[in-house]
Amino acid sequence: MMFSGERIVFVDVAGPGRVRHLWMTWPPMPPTAMRGLWMEVFYGDARAPSISVPCLDFFGLPLGRPVVYASALTAAQEGRGFNSWIPMPFADRLRIELVNDTGRRFWFYYQIAYTLGPEDAETGFLHVRFARENPTTLKHDFTIVDGLRGPGRFLGCNVGIRVLPQEGFSWYGEGEVKMYLDGDDEHPTWCGTGLEDYVGTAWGMGQHATTYQGAPLIAQAPEAGMPEFVSFYRWHLPDPIVFRESLRVTLQQIGAVAVARGQEAIRAEMEAAGRAAGGGFMSLAADGPLDSFGLCERQDDVCATAFVYCRDVQPVPRLDPPAALADLARREWEAASPFEAALELLGDLA
């Protein structure tokens with residue numbers, strides 16, 4: 001049983017060794033409660049964590065809304081059995097702590113599989129950094145990860161987007177993922193062509209999951225033009241991203257604007273505010289329903305969990321629970337699962 005506000009030592013083991021598999025489950029709850037269980041990982045006798053992240057986000061499920069999916073490194077079987085096969089090497093000691101900021105008490109179950117013995121020093125230590133910007137800053141790329149020193153490897157990330165309503169936009173995901181390695185600054189070393197392209201799909205993004213990339217969560221109100229909650233993941237396994245000294249990964253905040261005839265003021269406002277991106281607006285055929293189409297800067301609520309191996313143990317920013325939980329309450333058009341509803345009858349045990 002975990003009690004509200006409790007911090008427990010989940011794992012404390014002497015090394016060297018490697019965590020091979022981690023499984024957790026706890027009762028389904030509303031989104032803010034589901035995201036309120038978080039974890040910190042300490043290597044050796046470090047006082048600052050190298051992993052500080054909501055548990056669901058660690059398992060690839062941002063925004064407090066578990067869904068069914070499976071990938072090469074993480075899976076959520078039936079949306080309630082949370083698995084990770086992300087290797088977690090450790091040297092002389094590994095300590096994992098769990099914090100219950102759900103406001104509830106509940107039964108918590110887990111299994112952890114690890115091996116003891118000498119480890120390959122080239123693997124490095126797993127660092128997991130959580131970041132959220134609510135909302136993002138206009139005309140500034142959202143930072144997925146920055147500040148970890150190399151040598152190291154960017155294993156991948158998962159990203160959650162609360163798509164904010166903005167007049168004129170028909171699509172939120174034109175922003176490019178950019179990676180700046182080893183001092184590259186003005187121009188990225190690695191640059192994508194759009195959000196859904198980074199995830200491996202095209203022409204928009206529906207709910208799907210594959211071995212290395214996918215979008216498990218696409219949730220929207222009936223009749224809504226765009227989803228309100230979106231998540232995606234990308235693992236760089238056969239296409240490794242390695243760096244010698246520094247790493248910065250960002251996501252551009254750009255969407256598509258389709259201007260209907262009679263609403264030309266939307267285009268004028270975007271252009272006057274300097275929000276047109278790329279080549280600006282294209283005028284369309286005079287006999288069609290649309291006056292013009294263009295890419296424009298936008299703002300959304302974006303969070304990301306980045307997984308990075310570094311040779312040297314380093315601290316990551318510690319989770320800010322109020323900031324992590326803000327604005328994620330269940331919407332009127334979202335229904336609790338029958339399993340959650342049944343467990344609510346058990347009161348404190350739910």
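Me: Where is Pro151 found?
Reply: Pro151 sits in the loop between strand 12 (142-149) and strand 13 (152-162). Strands (E, at least two residues) and helices (H or I, at least four) are DSSP runs, numbered from the N terminus. This is a predicted model, in which local features need pLDDT of at least 70 and side-chain atom pairs count only at pLDDT 80 or more, while totals for chains, interfaces and linings use all residues. Residues are numbered from 1 along each chain as its sequence is written, and side-chain values use heavy atoms, with hydrogens and water left out.

Me: Is the peptide bond from Gly150 to Pro151 cis or trans?
Reply: That bond is cis, with omega near 10° for Gly15 to Pro16 and near 5° for Gly150 to Pro151. Pro16 is placed in the loop between strand 1 and strand 2 (17-25).

Me: Which phi value does Glu223 have?
Reply: Phi of Glu223 is near 70°, a positive value in a residue other than glycine. Glu223 belongs to the loop between strand 18 (213-219) and strand 19 (229-235).

Me: Is Glu223 buried or exposed?
Reply: Glu223 counts as exposed, at 82% relative accessibility. Buried means under 20% relative accessible area, exposed over 50%, and partly exposed in between (1.4 Å probe, protein chains only).

Me: What about phi of Asp327?
Reply: Phi of Asp327 is near 65°, again positive in a residue other than glycine. Asp327 lies in the loop between helix 5 and helix 6 and counts as partly exposed at 41% relative accessibility.

Me: Changing topic, how many salt bridges are there?
Reply: The count comes to 23 salt bridges, each being a side-chain nitrogen of Lys or Arg within 4 Å of a carboxyl oxygen of Asp or Glu.

Me: Which residue does Asp301 pair with?
Reply: Asp301 forms a salt bridge with Arg132, at 2.5 Å from N to O. Asp301 lies in strand 25 (residues 301-310) and Arg132 in strand 11 (residues 125-133), so the pair ties together parts that are 169 residues apart in sequence.

Me: Are those two buried or exposed?
Reply: Asp301 and Arg132 are buried.

Me: And what does Arg330 meet?
Reply: The side chain of Arg330 meets that of Glu340 in a salt bridge (2.8 Å, N to O). Arg330 is in the loop between helix 5 (321-325) and helix 6 (338-344), and Glu340 is in helix 6, ten residues apart. Arg330 is partly exposed at 30% relative accessibility, whereas Glu340 is buried at 5%.

Me: Which residues are linked in a network?
Reply: Salt bridges link Arg7, Glu40, Arg95, Glu97 and Arg318 in a network.
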